[in-house]
Amino acid sequence: MENKDRKAKIIHWEEDGDFITVRYTQEDGQRVEGDFYRIGWSDPPKDAVERARKALSLGPSYFAGPRARRTS
């Protein structure tokens, strides 16, 4: 069965699009439902890119671990 023939449907989509639920039917009649969480973009929104650039331009604010420099 080709993927296009499975007729996958998004049955739940949160407003921000971070979580979606997709349902489709396999050849043997079993219904499959999957929950997905977005962890990134292939083409991010411009405002997300700008926020990331601004955060990266400030540099780190905290170091942790045995090699971290002590300020006190």
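I looked up Phe-19 first: at 40% relative accessibility, Phe-19 counts as partly exposed. This is a predicted model. Phe-19 sits in strand β2. Phe-19, Tyr-37 and Ile-39 make a nonpolar patch of about 390 Å².

Next, the strands. I found β2 (residues 19-25) running antiparallel to β3 (residues 31-37), with seven bridges joining them. Val-22 has Gly-34 in β3 as its bridge partner. Five residues lie between the strands of this hairpin, and Gly-29 takes a positive phi near 95°.

Then I searched the whole structure for salt bridges and got four. Asp-18 pairs with Arg-38, closest N and O atoms 2.5 Å apart. That pair links distant parts of the chain: Asp-18 is in the loop between β1 (9-13) and β2, Arg-38 in the loop between β3 and α1, 20 residues apart. Arg-38 is partly exposed at 31% relative accessibility.

I also noted Glu-33 with Arg-23, at 2.8 Å between the closest N and O atoms. Glu-33 is in β3 and Arg-23 in β2, ten residues apart. Glu-33 is partly exposed at 47%, and Arg-23 is partly exposed at 29%.

Last, helix α1 (residues 46-57). Its twelve residues reach 17 Å from first C-alpha to last, close to the 16 Å expected. One of the twelve is buried, so α1 lies largely in the open. I found a salt bridge between Glu-50 and Arg-53 at 3.6 Å. Both lie in α1, three residues apart, about one turn of the helix. Arg-53 is exposed at 54%, while Glu-50 is partly exposed at 48%. Just after α1, Gly-59 takes a positive phi of about 80°.

Note on methods:
Residues numbered from 1 in each chain as written. Predicted model: local features only at pLDDT ≥ 70, side-chain atom pairs only at ≥ 80, totals over all residues. Heavy atoms only, no water. Pairing = 2+ DSSP bridges. Helix = DSSP H or I, 4+ residues; strand = E, 2+ residues; numbered from the N terminus. Expected span 1.5 Å × (residues − 1). Buried < 20%, exposed > 50% of the residue type's maximum accessible area, 1.4 Å probe, protein only. Patch = residues over 30% accessible without salt bridge, like charges linked within 9 Å, V, L, I, M, F, W, Y side chains within 5 Å. Areas by Shrake-Rupley, 256 points an atom, 1.4 Å probe, with all protein chains shown as cover. Salt bridge = Lys/Arg side-chain N within 4 Å of Asp/Glu carboxyl O.
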